[in-house]
Amino acid sequence: MSILQFLSDSLRNGVHRIGQIEIQTNDSIDQIQLVHVDDIPLAAQPDQGGLKVHRDPEAARDLSTFSEDGEYRFTKGQTNLRRGWLMELSSLDELRRALDLFYPAALGLLAAQKEGRLEIEHLRDKLNRQTGMYRFARTISDAGAQQLVREVCGPAHQCAKRILWQLDATTSLEDSDASRYSGIPGDIVESEAFPLLCREACNHFVAECRKVSKAEADRAKA
């Protein structure tokens, strides 16, 4: 199944949300609006509530790079997407391009998961591939890694993704708000949203592993 077909089928089956973006479309999916979920009431006003209108899907690149307060978003899965914009698109392909910029690879991961071909990389495999200054991250203890998931991942720490990976093939993540998070921000029925998936630890998490590893080594020497 192509990503376009997956996207089309999902929209026709009632999916209308991904991350912090509401997708509004007509039956033929040639009149499409994307808007931040917190701006839905503004988009419904006659003057679109003063939202800045974009018609080029490439605008999603700039809209998703920095948060409202100008902070760089080191991962597009962060729950600090800026507000104040409305995107009007006229085709399914434009919608796919825009969503791929707002949430890179999200649709592809979901399509692969639906077909049972999504490959997941567990944390130890990810860390064992690190080179240079990040090689030290390999030595993080299991306890340190489990604690780090609670301190870095999940919506409490601005990450909207559902974690699919484990520490290794036989060691699951301990139960926590982060490990059981659905990947769907906000209060919406799960069948009406695309969850954001995390198939491998992000670079930010790896960097934090390095810090914890060094702290653990320092304590062992003390």
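Predicted model: local features only at pLDDT ≥ 70, side-chain atom pairs only at ≥ 80, totals over all residues.
Biologist: Hi! Which residues touch the most other members of the largest nonpolar core?

Modeller: Hello! That core has 36 residues, and I18, I23, L34, M87, L95, F102 and F194 touch the most other members.

Biologist: Nice. Which helices and strands each supply at least two residues of this core?

Modeller: The helices are α1 (3-12), α3 (59-63), α4 (92-102) and α5 (106-114). The strands are β2 (21-25), β3 (32-36), β5 (85-89) and β8 (196-198).

Biologist: Let's zoom in on L95. What is L95 in contact with, leaving aside its neighbours within four places in sequence?

Modeller: L95 is in contact with L7, L11, I23, I32, L34 and L89. Besides the largest core, another core lies apart from it, with 19 residues, among them A137, I163, W165 and A201.

Biologist: Okay, on to the sheet. What order do the strands have?

Modeller: This open sheet of six strands has the order β4-β5-β3-β2-β1-β7, and its pairing is mixed. At the edges stand β4 (52-54) and β7 (193-194); each has a single partner strand, so one side of each is left without a neighbour in the sheet.

Biologist: How do strands pair, in general?

Modeller: Strands of a sheet pair through backbone hydrogen bonds, and they can be parallel or antiparallel.

Biologist: Do β2 and β3 run parallel or antiparallel, and how many bridges join them?

Modeller: β2 and β3 run antiparallel, with five bridges joining them. To find one in the structure, look at I21, whose bridge partner in β3 is H36.

Biologist: Which residues of α8 are buried, then?

Modeller: The buried ones are F205, V206, A207, E208, C209, S213 and E216. What covers them includes α6 (123-128) and α7 (142-152).

Biologist: Let me click on L123. Where does L123 lie, and is it buried or exposed?

Modeller: L123 lies in helix α6. With a relative accessible area of 0%, L123 is buried.

Biologist: And what does L123 touch?

Modeller: Not counting residues up to four places away in sequence, L123 touches A145, W165, Q166, L167, A201, F205 and C209. Take W165: L123 and W165 are 42 residues apart in sequence, yet 6.8 Å apart in space, C-alpha to C-alpha.

Biologist: You mentioned C209. How many disulfides does the count come to?

Modeller: The count comes to zero disulfides. C159 is in none, and its nearest cysteine sulfur, that of C153, is 6.2 Å away. For C209, which is also in no disulfide, the nearest cysteine sulfur is that of C153, at 9.1 Å.

Biologist: Are C159 and C209 buried or exposed?

Modeller: C159 is buried, with a relative accessible area of 18%. C209 is buried too, at 0%.

Biologist: Last topic: which residues does UniProt list for the iron-sulfur cluster binding domain?

Modeller: For "domain: DR2241 4Fe-4S iron-sulfur cluster binding", an unreviewed UniProt entry lists residues 115-211. In the model that span is 27% helix and 8% strand, and its end C-alpha atoms lie 37 Å apart.

Biologist: And where does UniProt place "domain: DR2241 stabilising"?

Modeller: The unreviewed entry places that feature at residues 15-106. Over residues 15-106 the chain is 23% helix and 22% strand, with the end C-alpha atoms 14 Å apart.

How values were computed:
Residues numbered from 1 in each chain as written. Heavy atoms only, no water. Core = buried A, V, L, I, M, F, W, Y, C linked by side-chain atoms within 4.5 Å. Buried < 20%, exposed > 50% of the residue type's maximum accessible area, 1.4 Å probe, protein only. Helix = DSSP H or I, 4+ residues; strand = E, 2+ residues; numbered from the N terminus. Contact = heavy atoms within 4.5 Å. Pairing = 2+ DSSP bridges. UniProt positions renumbered as here; feature names shortened; annotations may be inferred. Disulfide = S-S within 2.5 Å.
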